[in-house]
Amino acid sequence: MTTSDPTLATEIAEVAAAKGYAAVDASVSGGDRGACKATLFIFAGSDAAVVTRLTPLFKLMGNALYMG
């Protein structure tokens with residue numbers, strides 16, 4: 001999870017797919033305070049099944065919103 005240029009997320013997804021992996025573009029809002037209190041908002045973009053599988057992990061950090 002990072003704040004970066006959208007082209008980086010595309011590049012990561014392409015490399016991951018070529019190796020048989022999935023990538024999730026997960027922008028985060030809430031800052032240090034949200035991270036410490038597990039109240040981050042996670043905007044997850046990827047295949048729906050991948051985001052669903054990762055939702056329990058995201059819930060440890062805050063609220064995950066599937067973005068497509």
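This is a predicted model: local features need pLDDT of at least 70, side-chain atom pairs count only at pLDDT 80 or more; totals for chains, interfaces and linings use all residues.
Residues are numbered from 1 along each chain as its sequence is written, and side-chain values use heavy atoms, with hydrogens and water left out. Local features need pLDDT of at least 70 and side-chain atom pairs count only at pLDDT 80 or more, whereas totals for chains, interfaces and linings use all residues.

Helices (H or I, at least four residues) and strands (E, at least two) are DSSP runs numbered from the N terminus. Strands E1 and E2 run antiparallel and are joined by 5 bridges; two strands pair if DSSP finds at least two bridges between them. Ser-29 has Phe-41 of E2 as its bridge partner. E2 also pairs with strand E3 (residues 62–66), in the parallel sense, over 5 bridges, and here Phe-41 stands opposite Asn-63. The β-α-β crossover from E2 through H3 to E3 is right-handed, that is, clockwise from the first strand over the helix to the second with the strands pointing away from the viewer.

The largest pocket is lined by 17 residues. A pocket is an open set of points on a 1 Å grid over the protein atoms alone where a 1.4 Å probe fits, with protein on both sides within 12 Å along at least five of seven lines; lining residues have an atom within 4 Å of a point. Ser-4, Ala-9, Val-24, Asp-25 and Ala-26 lie nearest the pocket centre. H1 gives the most to the lining, with 6 residues.
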